Structures are given as C-alpha cells and as structure tokens.
Amino acid sequence: MKKWVLGVGILLLAVGGVVYIWLGEEMKQGVQPVANGTAEYVIVLGAKVKPGGVPSLSLKNRLEEAVKYLNKYPHVKVIVSGGQGADEDRTEASVMLKYLQDNGIDTNRILVEDQSTSTYENLLFSKELLPTGTKRITIVSNDFHLKRAKYLAESLDFEVDVVAAKTPKSVEAKLKLRERAALLKTYIIGY
C-alpha cells in the first residue's frame with residue numbers, strides 16, 4: 001500500500017513538473033511578434049494601483065514602454081484599460097491616462113476603458129471602443145502576461161502584436177507562478 005501511494009505521489013510530481021515547465025515555455029513565446037506600428041490601436045492592460053494613484057512597478061513598466069512606443073509611432077491611438085479593484089482608490093485606467101498625459105501623449109490619442117476587472121474584460125470592453133471591423137491591435141503588458149493576453153485577444157478575433165514590458169525582479173517569481181495557473185485555467189476553460 002505504501003509503495004502505491006509513493007508511486008502515485010512521484011507520478012503526480014513528475015506530471016506537475018512537466019506542466020510547470022511547459023507553461024513556462026508557453027509564456028516565453030508571448031513576446032512575439034514585436035509590434036512595428038502597423039496596428040492603428042494599442043491597448044495597455046491595467047495592473048495594480050497603489051493608494052494615491054501610484055502605479056505598481058508592473059504598471060509603471062507597461063506605461064514606460066507605452067510612452068516609448070507611442071512616441072515612436074505618433075499615428076497610433078491608445079486605449080488604457082483597467083477598472084478599480086476592491087483594494088484600489090481609483091481606476092487603473094485613470095492612473096494610466098494621467099501618466100500618459102504627464103509624459104506628453106496627446107489626450108486626443110487616448111481612449112479610456114475603466115470597467116474591466118480581468119484581462120479578458122480588458123480586451124472585450126476595449127473592443128467596444130474600437131472602430132467596427134478593427135482586427136489588428138497591439139497589446140502592451142509585462143512579458144510574463146503576454147501569452148495569455150494574446151490568446152484571449154485571438155479568441156475575440158483580434159490579430160495581435162505586442163510590446164513587452166519587463167517584469168519587476170522583486171515580484172517576478174510570484175507573478176510568473178500565478179500566471180502559470182492563470183494560463184492553464186485559460187487553456188482549459190477558454191478565458
């Protein structure tokens with residue numbers, strides 16, 4: 001009996017290890033294809049906002065990359081997408097809007113989606129702001145998050161390229177572990 005339990009335990013650990021590695025490899029593929037300004041719209045996905053409207057390091061990295069990209073491609077418009085979490089004192093989109101404005105991005109280029117509470121909703125609700133028939137979009141998010149974001153966008157009939165923001169080292173292990181679980185869930189149930 002004990003050998004059987006041990007055997008099942010070893011098998012489960014082995015399968016879990018294989019799935020963990022596979023999901024990590026899947027996440028690495030998220031940073032391609034790199035955006036080149038051909039999509040008319042870029043969606044910056046929201047992330048945690050600290051009290052007082054301070055973007056988390058993950059969100060700040062996304063916004064820094066968005067500013068660089070928007071300066072490089074001045075014809076591109078941007079949707080800032082993110083609602084207000086229970087532990088946030090304002091919407092993620094409002095913080096992103098202010099950051100882009102403070103960094104020289106013309107308000108006329110910025111659309112605001114401030115109702116979403118998940119990556120899927122970021123994309124679904126942002127789609128409602130796009131001109132009818134828009135297929136090609138660029139997504140800005142942290143490198144670890146882009147595989148799932150692309151998968152979800154493609155499920156909404158988007159063609160996607162990406163701008164990858166670095167993941168802060170201080171939270172990298174935690175975020176990558178959590179993202180593996182989220183990616184597996186998305187693959188299983190579709191969102």
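Axes here are lines fitted to C-alpha atoms, for helices over the stretch in contact, with angles running from 0 to 180 degrees between N-to-C directions. Helices (H or I, at least four residues) are DSSP runs, numbered from the N terminus.

You are looking at a predicted model, in which local features need pLDDT of at least 70 and side-chain atom pairs count only at pLDDT 80 or more, while totals for chains, interfaces and linings use all residues. Residues are numbered from 1 along each chain as its sequence is written, and side-chain values use heavy atoms, leaving out hydrogens and water.

Let's start with helix 4 (residues 119–127), whose axis comes within 9 Å of that of helix 5, crossing at roughly 40 degrees. The two are therefore oblique (the class left over once angles under 35 degrees count as roughly parallel, over 145 as roughly antiparallel and 65 to 115 as roughly perpendicular). Contact, meaning heavy atoms within 4.5 Å, is made by T119, Y120 and L123 of helix 4 and R148, A149, L152, A153 and S155 of helix 5.

Now for the other pair. Helix 5 (residues 146–155) and helix 6 (residues 172–189) have axes that come within 10 Å and cross at roughly 20 degrees, so these helices are roughly parallel to each other. This crossing of helix 5 and helix 6 is left-handed. On helix 5, the contact uses K147, R148, Y151 and L152; on helix 6, it uses E179, A182, L183, T186 and Y187.

| Helices | Axes come within | Crossing angle |
|---|---|---|
| Helix 4 and helix 5 | 9 Å | roughly 40 degrees |
| Helix 5 and helix 6 | 10 Å | roughly 20 degrees |

Key: A crossing is left-handed if the near helix is turned anticlockwise from the far one by less than a right angle, and right-handed if clockwise.
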